[in-house]
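I opened this structure to look up a few things for myself, and I am keeping my notes here in the order in which I made them.

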Amino acid sequence: MANVVVVGAQWGDEGKGKIVDWLSERADVIARFQGGHNAGHTLVVDGKVYKLSLLPSGIVRGGKLSVIGNGVVLDPWHLVKEIAQLRDQGVTISPKTLMIAENTPLILPIHGELDRARESQNSVAKIGTTGRGIGPAYEDKVGRRSVRVADLADDATLQLRVDRALVHHDALRRGLGLEPVDRDALIAELRAVAPVVLEYAAPVWKVLNEKRKAGKRILFEGAQGALLDIDFGTYPFVTSSNVIAGQAATGTGIGPGSIDFVLGIVKAYTTRVGEGPFPAELDDADGQRLGERGHEFGTVTGRKRRCGWFDAVLVRQTCATSGVNGIAFTKLDVLDGFETLKICVGYELDGQRMDYLPTAADHQARCTPIYEEMPGWSESTEGARSWADLPAEAIKYVRRVEELIGCPVALLSTSPEREDTILVTDPFAD
């Protein structure tokens, strides 16, 4: 049976939550493979709104196994809060429906404190971090000083891990003018939350491989978007993990040969939250209109998103780095009513045309967009569930996007509602 990886193919906020939820009906397991609680999903199911930032989107659909893989950094206190919030909304969560990899690193309160202190004192170039400790937690992971889920089960190991982390963190805190960490208070907090987290702990790599051999369908879910990838994004204005599709294997413990289809989620225009280059950004009435019609505010932070025309150069690039087989094209309805639409088809840099976004930050900042114009449409596409429901000019727009990015549309989303989706190619088809 097919296993599918879902990745954002822009700067995040592409509508992954709805698409993963929609696909999860066809899946047996939904596995989150990177990121933390810094990127949110908003799901609308039968008029009911669910806001998720850590738990996999499949958790709201009964009868499925949701997995948090080792590529995620886990804030245990946020986990408790999010589980309680969803239970209040009637969602059933138990060890039968949720598993957390035993080798998942934890986000501690000291990580958030460090994150916020750095950003507030950085007068050179702010990254635009959410301040939730994601970056410092990943730093501790590669620095081999993380407290991981399995460590919560043994008090002696837990104390050893905390002591190792504090050797590093107390030195950093002195340099930033922060008080030393209260070791005993931190250990007490971890002891208190341990029983809740350990209830869901499991050898996820083993479970997923067994599910695969049994013919179960696995849906791998990432957070953020490929342009925020630590290696292939607009560095340093990126997240602290690999976001591209290859991370699905590393972040869950399943071999890359087990991945059958990569679905890239692509918004019909472009948005970005926080700092960093954005060649197709609009600072005019069209940009404001896109933001208002698309309700472009961050699920987690509430920050206003920067808006611009569709950038085919960037999406073509991310489709290549993630090996995307097909895209899910979302929020087409936001473009309803525009008399003229523009698509970025290239950049100009120092008098030369570029067909990709260069790596050097100063080059990225100096890239100016080259646009191709297309006629818009006055009819509504909201709620369309077949090609026949779409205006001719909307279909032409979608087809032109396919040509420019070199990748076909597999799904087309026309509203936040789960069923307002046009299926072209089923990613789970054998």
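**Ground rules.** I am working with a predicted model, in which local features need pLDDT of at least 70 and side-chain atom pairs count only at pLDDT 80 or more, while totals for chains, interfaces and linings use all residues. I number residues from 1 along each chain as its sequence is written, and the side-chain values use heavy atoms, with hydrogens and water left out.

**Cysteines.** I recalled that a disulfide is a covalent bond between the sulfur atoms of two cysteines. I searched the whole structure for disulfides (pairs of cysteine sulfur atoms within 2.5 Å) and found zero. Cysteine 319 is in no disulfide, and its nearest cysteine sulfur, that of cysteine 407, is 4.4 Å away. I noted that cysteine 319 is buried, with a relative accessible area of 7%; buried means under 20%, exposed over 50%, and partly exposed in between, with a 1.4 Å probe and protein chains only.

**Helix 12.** Helices here are DSSP runs of H or I with at least four residues, strands are runs of E with at least two, and both are numbered from the N terminus. Helix 12 covers residues 392-405, and its 14 residues reach 20 Å from first C-alpha to last, close to the 20 Å expected (1.5 Å times one less than the number of residues). I listed its buried residues, which include Tyr397, Val398, Val401 and Glu402. Among the elements covering these buried residues are helix 10 (312-322) and strand 16 (368-375), where contact means heavy atoms within 4.5 Å. Just after the helix, glycine 406 takes a positive phi of about 70 degrees.

**Alanine 188.** I found alanine 188 in helix 6 (residues 183-198), where it is partly exposed, at 40%. Its C-alpha lies 48 Å from that of leucine 290, a residue 102 places away along the chain.

**Second largest pocket.** I noted a volume of about 670 Å³ for the second largest pocket. Of its 29 lining residues, those closest to the centre are Thr42, Gly294, His295, Lys331 and Pro416. Helix 1 gives the largest share of the lining, four residues.

Note on methods. On a 1 Å grid over the protein atoms alone, a cavity is a set of points where a 1.4 Å probe fits but cannot get out, and a pocket is an open set with protein on both sides within 12 Å along at least five of seven lines; lining residues have an atom within 4 Å of a point. Grid points are joined across faces, edges and corners, and a volume is the space filled by probe spheres set on the points.
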